[in-house]
Every structure is written in C-alpha cells, then in structure tokens.
There are 2 protein chains.
Amino acid sequence: MQEEIRRRNLSRLLRHVHLAGPVSRAVLGERMGLNRSTIGALTAELAAAGLVGEEAPTDTGRAGRPSLLVRPGSTRVYVLAFDVAVDWLVAARVGLGGTILERRWAPRPRAGADLERVVDVLAGFGRRLHETAPAGSVCVGVGASYCGMIRPGDGMVRFGPDMGWVDQAFGAELSRLLGLGLPVRVGNEAHLGALAEQQRGAGVGFQNLIYLHGDVGVGGGIIVGDKLLDGDGGYGCELGHMVVNPYDGRPCGCGSQGCLEAEVGERALLDAARRPAGLAGRDALRAVVDDADRGDPVARAALHHIGDWLGIGVANLINLFNPGIVVFGGMLRDVYPGTAQQVRARIARHVLPVAKERVRLRIAALGDDSTLVGAAELGFSALLADPLGALKRAAARATAGFPPG
Amino acid sequence: MQEEIRRRNLSRLLRHVHLAGPVSRAVLGERMGLNRSTIGALTAELAAAGLVGEEAPTDTGRAGRPSLLVRPGSTRVYVLAFDVAVDWLVAARVGLGGTILERRWAPRPRAGADLERVVDVLAGFGRRLHETAPAGSVCVGVGASYCGMIRPGDGMVRFGPDMGWVDQAFGAELSRLLGLGLPVRVGNEAHLGALAEQQRGAGVGFQNLIYLHGDVGVGGGIIVGDKLLDGDGGYGCELGHMVVNPYDGRPCGCGSQGCLEAEVGERALLDAARRPAGLAGRDALRAVVDDADRGDPVARAALHHIGDWLGIGVANLINLFNPGIVVFGGMLRDVYPGTAQQVRARIARHVLPVAKERVRLRIAALGDDSTLVGAAELGFSALLADPLGALKRAAARATAGFPPG
C-alpha cells in the first residue's frame with residue numbers, strides 16, 4: 001500500500017515536471033497536495049535515477065530562500081518517435097520534457113509506399129538515432145503517428161486512404177524491425193496532434209478542444225472533458241468525413257462525396273486557385289497562400305471559397321462539442337489565417353448564440369511537430385506510469401544489447 | 001473513513017438496485033466486489049429505511065438456497081419530475097426504480113407560453129401530486145426536462161427557440177413556486193433522454209451512444225465514454241443545428257439555414273407531404289407515417305426525402321463519434337422506421353468502413369417518457385449519492401409541513 005502510494009506519487013511528480021517543468025518544489029507541492037518533505041524525498045529519488053534535475057531559480061526579486069526548480073532530466077532516458085505523414089517520414093529521439101533531441105527525415109513519394117518499405121526506412125532511422133544516443137542513456141518507449149485509422153490495442157492500420165493501406169500490421173512490424181524488445185504504440189496523427197496541442201501547445205488549460213489536421217485531407221482529434229474522444233473502436237473524430245455538401249460536393253478519397261476534406265483539402269484549394277492538376281504538396285499550397293497575401297485575386301478567391309466550407313465544418317463542430325478552443329494544424333496552419341474571416345462569418349451565422357460565447361480559434365503552437373510530439377507522448381506513457389520500474393526494465397534491456405539491424 | 005466507505009457502499013448498492021433491480025444479493029456482491037455479509041448488512045440498513053425491499057425469487061429450478069432478490073422500495077420516497085416539451089407539459093411522481101407512479105398532463109399551445117404561465121401550471125401539478133402521495137412517503141428531489149439550452153448550475157434556460165425564451169430563470173422559479181425547499185435540477189430534454197435510454201432503455205450497456213430527439217426540431221444527447229458530452233458551458237450535443245444543406249437549405253428556427261432539424265423536422269416532413277401550412281403537431285406527423293404505411297405515394301416520397309437528410313446527419317455523427325448505437329426518440333420514433341432504408345443507404349455511402357462495423361440503429365425503448373424518466377434521475381441524484389443522509393433531510397423537510405400553494 002505504502003509502496004503503491006509512493007509509486008503513484010513518483011508518477012504524478014514526473015508527469016508534472018515532464019509537462020510543465022521546470023517547476024519549483026513549492027508549486028509541485030501545491031499542485032499535488034503534498035508537503036515540502038514528501039516533495040523533497042520524491043524529487044531526490046527521481047534525481048538519483050537521473051529522471052529529474054534541480055537548479056536554483058534565477059533571481060525572483062522576492063525575499064526569502066527561493067524554492068529549487070525541478071526540471072526534466074535531459075540525458076538519462078529518451079523515446080523514439082515516428083511520424084508517417086502523407087509527404088514525409090520522420091523519426092526523432094525525444095527527451096523528457098518533450099524536447100526533440102535529434103531527428104531524421106525523408107520525403108515520401110505519394111504513390112507506392114507499401115508497409116515493408118515504410119517500416120524499413122523508419123527502422124533504419126530508429127537504429128541510427130539509437131546508436132548516436134549518448135552513452136548511458138536508455139530508450140524507454142516507442143510511439144508512432146500514422147495518417148489513418150488505427151486499432152488502439154496493437155497499432156494495426158485499419159484504413160489509411162492516403163497510402164492505400166487496409167489492415168496493415170504497422171505497429172507490430174516496426175517493433176519487430178527495430179528489435180528493441182519494445183512495443184510500438186501507434187496513434188492516428190490528428191488524435192496525437194490534439195493531445196500534444198492540449199498538453200504543450202495552443203490548447204493548454206482547455207478541457208474541450210477540437211484539432212483539425214490538414215494534409216492531403218483533414219483529420220481530427222477531439223478532446224471532450226479532458227479525454228480524447230475515441231468511440232467504440234477508437235475510430236471516432238473523423239471530422240474530415242463529415243458531409244457538408246452532399247449534392248454538389250467534390251468526390252472524396254474515402255469513396256464518398258462532399259466530405260469536409262473534399263471541400264477544403266489540398267486538391268480543393270489547388271483546383272480553386274486554378275493550379276495544374278499535377279501540382280501537389282505543401283509547397284504548392286504555400287504558394288497559393290503567398291499569392292493571396294500579395295493580393296492575387298485568383299488565390300484570394302480560392303482561400304475565400306475554401307474558408308467558406310471550412311467555416312461550415314467548424315460551425316457544425318462548435319454546435320456539437322461546445323469547445324473552448326479550435327486548433328488548426330498541419331497545412332491548415334498555413335491556410336487558416338487567409339480564411340479566418342469566412343470561418344468567423346460562418347460561425348456567426350450557424351452557431352447557436354450561447355455556444356459561441358467563449359470559443360477561441362488558434363493555429364497549432366507546435367507547428368509541424370504536433371503529431372511527432374504526440375507520438376513521443378505515447379512512447380513516454382510506460383515511464384510516466386511507473387518511473388523507477390520502467391527505467392529498471394529499460395536499463396536491463398539496454399544491457400542485454402541492441403540486436404544487429 | 002469507515003463512515004465514508006459505508007456511505008459510498010450504500011450509495012452504490014442503492015444505485016444498482018434502482019437501475020437494475022430486482023437483483024439478487026449474490027449478483028450485487030459480484031458487481032460491487034463485496035462479500036455476502038457486507039451486502040447483507042448494507043441491504044438491511046437500506047431496508048430499515050424503506051429504500052429497498054427483499055423478496056424470495058420465483059423458483060429458479062436450481063438446487064440450494066436461492067439468493068434473496070433486492071428490489072427498490074416502492075412507497076417510502078419519490079421524486080417529482082417535469083417535462084416541458086413543445087406540445088405538452090407533464091408532471092409525474094416517480095418512485096425508486098424509475099417507476100412512474102402518477103402523472104398529470106396538459107397540452108401546451110405553441111404560441112405565447114411565458115415563464116410565469118408554464119411554471120404556474122407545473123407547480124400546480126406538482127402540488128397535487130405531492131398531496132395525493134401516500135402518507136409517510138417523502139419527496140427527495142425534483143428534476144425537470146426542458147426543450148432548450150440549459151445552464152447546468154442553476155437551471156437557467158439560456159435559449160429555448162421553440163418557446164422564444166432567452167435567459168429565463170426556469171429552475172429557480174419552479175423551485176420557488178413549488179415551495180418544497182428543494183432545488184429543481186433542470187436538463188436539456190435530449191440530454192436527459194440520452195441518459196435515460198442508456199440507463200433503462202435501448203442503450204443499456206453502450207458506452208458511446210447518440211440520441212436524436214425529434215419534436216418540432218431535432219435535439220441531441222451524446223454519450224462519450226459513458227459520460228454525457230457537455231462541452232465548456234454545457235451546451236454541446238446540438239446535432240440538430242449541424243448544417244447539412246448550406247446553400248439550398250430550408251430556413252431554421254435558430255436563424256440559420258440548412259440545419260439538420262430544418263431538413264428533417266416536423267415542418268420539413270409536413271411540407272414534403274404537401275400538408276396545409278396550418279397543420280402541426282404529432283398527430284399530423286403520424287398521419288403522414290400512416291399514409292405512407294398504406295402506400296400513399298406522396299407520403300412515401302416525403303419520408304424518403306426526409307430519410308435522405310436524416311441519413312446524412314446520422315452518417316456524419318457516426319464518423320465523428322464511432323458510437324455503438326444510435327437511438328431515435330420523440331417524433332423520430334414514429335418517423336424513423338419509414339426512413340430506415342434511406343438512413344442505412346447514406347451510412348453505407350458516407351461512413352468510413354471501420355466505423356460502421358458494429359453500430360446499431362434503434363428507436364427509443366422508453367417511448368415518449370425518455371425525457372421524463374431522465375428528469376426523474378436528476379431528482380434522484382441527491383438520494384443516490386447519500387441515501388440515508390438525503391432521506392433524513394427530506395423527512396425533516398416533510399415534517400416541517402408543505403407550504404400552502
């Protein structure tokens with residue numbers, strides 16, 4: 001019982017420092033409802049394990065002995081985080097506190113990326129990140145973000161329309177090829193982006209948040225009462241496939257028509273801006289946004305058109321979820337500012353008065369890293385649940401040696 | 001500490017019996033993880049207070065001494081439940097187990113119902129229900145269902161478009177006029193209907209449920225991970241104001257256009273069935289459904305048309321929420337069966353494959369009482385949280401006498 005309470009308190013303290021650190025012992029005590037000596041003992045245990053460090057605060061300008069700042073330990077542990085996006089593959093070594101320590105990146109051709117090829121590239125990145133990690137540091141978990149619908153238990157990609165994947169054992173294969181003896185926890189990119197923005201980005205402090213993640217299409221992560229909406233199978237939040245234009249709508253990659261992502265996704269914007277059919281990708285989108293900024297009427301009309309549909313979608317979501325904040329991520333970070341006027345006009349027109357009293361609209365604060373940072377959090381979950389136990393197990397694995405790639 | 005554990009166990013046991021009773025001591029022990037003697041002691045306390053009774057089961061056909069069945073006490077306590085719907089006002093005395101013991105009902109004219117008039121009628125019903133309650137029974141709470149957006153804390157009607165109410169202190173006024181010294185807990189009708197259907201109706205056992213409540217418009221109650229979605233201010237779930245037809249849509253009572261409720265609500269169906277503009281109400285709707293059942297082509301086409309829009313709305317909700325079940329209540333109970341084919345066709349077309357693997361579509365099992373039963377649950381919440389404490393307080397109030405009406 002005592003042991004269980006101690007483990008839970010170590011978990012809570014490390015989680016606080018990981019998400020909000022550096023933070024003073026005094027503040028930790030307040031937030032956790034524990035007295036000074038208990039905080040001191042817990043901090044000492046985590047510090048001895050290398051999971052936190054302590055430092056004197058810079059001059060606070062107040063009298064009295066200042067409380068020591070507890071910060072995430074920077075070198076003892078890390079996770080591997082992967083991001084399989086439509087246009088790129090990313091792998092990173094991420095430290096406590098969510099710090100991206102090192103990353104590797106490769107563009108991904110849009111056509112013909114099968115499971116084997118993707119996993120091979122990612123595992124290669126992962127091995128090199130592992131090899132270049134400082135001596136004495138250990139890998140405590142692996143998380144991955146994928147642009148499709150994921151079965152929560154085992155990281156199976158149930159449906160990845162952008163890559164044409166159906167029921168591909170992505171998590172299991174990546175885990176096998178990495179050979180670290182660690183499971184790879186996989187999440188949908190927009191789900192992970194939503195969690196990351198709520199924990200470290202534009203949505204800190206919001207219990208009800210909607211995150212729209214644009215790439216080729218539009219994914220969604222929706223947080224309801226501080227928890228990610230997952231639904232019965234973990235496949236909720238598919239706001240990009242909300243039909244907004246059922247009769248005149250553009251065809252959607254999902255096989256349907258008039259979905260939000262068909263009306264506001266990459267192809268819709270490029271078509272509205274009369275770009276050649278062969279053009280695609282983030283740079284092409286940014287060129288439209290830049291042209292609009294310079295006053296080009298075709299580009300401005302395109303953003304206006306997209307903004308109108310985006311506004312209808314966002315208005316629907318506000319009526320359904322009464323959120324505190326709506327966050328635009330992925331390519332919508334670039335697109336949203338030029339569409340904000342239309343989005344706000346649609347909200348004014350369609351959202352019930354009391355539901356729009358307080359809602360904020362923001363772009364993702366973590367930039368293109370929302371999804372990667374979210375994947376890292378999946379990797380950290382075992383360590384945060386049981387800091388010393390997980391570290392011990394990870395150290396034992398590390399001593400056993402990293403198998404050849 | 002012991003006292004706190006005992007109170008919590010009494011609360012859990014009474015809640016089990018209230019929702020699932022009659023239930024055997026053996027099953028209660030299993031569900032609550034408590035041994036036979038603890039269950040016996042808790043049951044005895046609640047039985048002494050009149051909150052539960054015990055009975056021998058009918059012959060189980062199995063050997064051995066059968067476990068006694070614990071049932072909700074039928075006469076000691078009740079709540080008053082009110083339902084302010086578009087077309088009627090209802091009040092009921094409801095006993096433990098959710099049994100409606102007595103009810104009073106009045107039609108409500110659609111125009112010109114101000115707060116004072118509505119509360120006056122309801123309070124009159126409430127007083128008569130109280131007067132005709134058996135001697136020795138006490139009122140332990142009051143709940144009300146209202147067809148509009150409710151501020152959770154104080155029962156303020158923020159927006160009641162069907163009655164033209166904005167910021168009307170419904171809960172406080174009804175409480176004052178009842179004069180029972182009890183607060184009136186108020187909820188949105190569709191929220192309460194969703195909870196009631198999940199607790200006692202079509203949605204028992206489902207953690208993710210969408211309830212569509214049709215009257216003039218379409219309200220929604222959405223349960224995510226076993227909890228009602230409320231959002232930042234308690235104003236979420238407004239699925240009737242999801243825009244599905246933004247450019248050619250019918251005008252909506254909310255001031256917008258093309259909302260789901262504008263396309264599938266009472267007026268839309270009656271117009272599609274070419275009924276006179278003056279006609280309204282549930283009987284007029286049922287006449288269309290009856291005509292369609294008899295093969296009338298105009299009525300069938302009307303249901304087909306409504307079903308198409310309803311299907312688009314339901315498909316969107318399934319993509320967003322990945323629910324286990326969608327429940328149709330209010331007038332949609334009558335309308336849904338004749339539209340089911342279109343609804344299923346839209347689901348097949350628009351819902352992502354993995355999100356439709358398991359979803360069920362059902363009509364409300366509690367009939368028109370879903371909202372009233374949900375309101376009664378609000379009234380029971382204090383008793384269920386602390387059975388003996390709440391009963392003691394209620395008995396003290398009853399002894400002090402019911403004030404003149």
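The axes of helix H1 (residues 2–20) of chain B and H3(B) come within 10 Å and cross at roughly 80°. That makes H1(B) roughly perpendicular to H3(B), a label for angles of 65 to 115 degrees. This is a predicted model: local features need pLDDT of at least 70, side-chain atom pairs count only at pLDDT 80 or more, and totals for chains, interfaces and linings use all residues. Residues are numbered from 1 along each chain as its sequence is written, chains are lettered from A in the order in which they are written, and side-chain values use heavy atoms, without hydrogens and water.

Two packed helices are described by the angle between their axes and the distance between the axes. Axes here are lines fitted to C-alpha atoms, for helices over the stretch in contact, and angles run from 0 to 180 degrees between N-to-C directions. Helices are DSSP runs (H or I, at least four residues), numbered from the N terminus.

Which residues of H1(B) meet H3(B)? They are B:Arg6, B:Asn9, B:Leu10, B:Leu13 and B:Leu14. On H3(B), the partners are B:Ile39, B:Leu42, B:Thr43, B:Glu45 and B:Leu46. Contact means heavy atoms within 4.5 Å.

Helix H2 (residues 25–32) of chain B also packs on H3 (residues 36–48) of chain B, with axes that come within 9 Å and cross at roughly 110°. That makes H2(B) roughly perpendicular to H3(B). H2(B) supplies B:Arg25, B:Leu28, B:Gly29 and B:Met32, while H3(B) supplies B:Ile39, B:Gly40 and B:Thr43.

The table sorts both contacts by residue class. Ala, Val, Leu, Ile, Met, Phe, Trp, Tyr, Cys and Pro count as nonpolar, Asp, Glu, Lys and Arg as charged, and the others, Gly among them, as polar.

| Contact | Residues by class |
|---|---|
| H1(B) with H3(B) | 6 nonpolar, 2 polar and 2 charged residues |
| H2(B) with H3(B) | 3 nonpolar, 3 polar and 1 charged residues |

**Domains of chain A**

The domain assignment, automatic or from a database, gives domain 1 (2–60 + 67–72), domain 2 (77–191 + 369–399) and domain 3 (204–365) in chain A. The C-alpha centres of domain 1 of chain A and domain 2 of chain A are 28 Å apart. Their contact takes 13 residues from domain 1 of chain A and 13 residues from domain 2 of chain A.

**Two copies**

Chain B superposes on chain A by a rotation of 180° with 0.0 Å of shift along its axis (RMSD 0.0 Å). That is the relation of a two-fold axis. Which residue of chain B comes closest to the rotation axis? B:Val244 does, at 2.7 Å (C-alpha). The copies meet through the same surface, because 100% of the interface residues of chain B are also interface residues in chain A.

Methods: Helices (H or I, at least four residues) and strands (E, at least two) are DSSP runs, numbered from the N terminus. Angles under 35 degrees count as roughly parallel, over 145 as roughly antiparallel, 65 to 115 as roughly perpendicular and the rest as oblique. Copies are superposed by least squares on the C-alpha atoms of residues with pLDDT of at least 70 in both.
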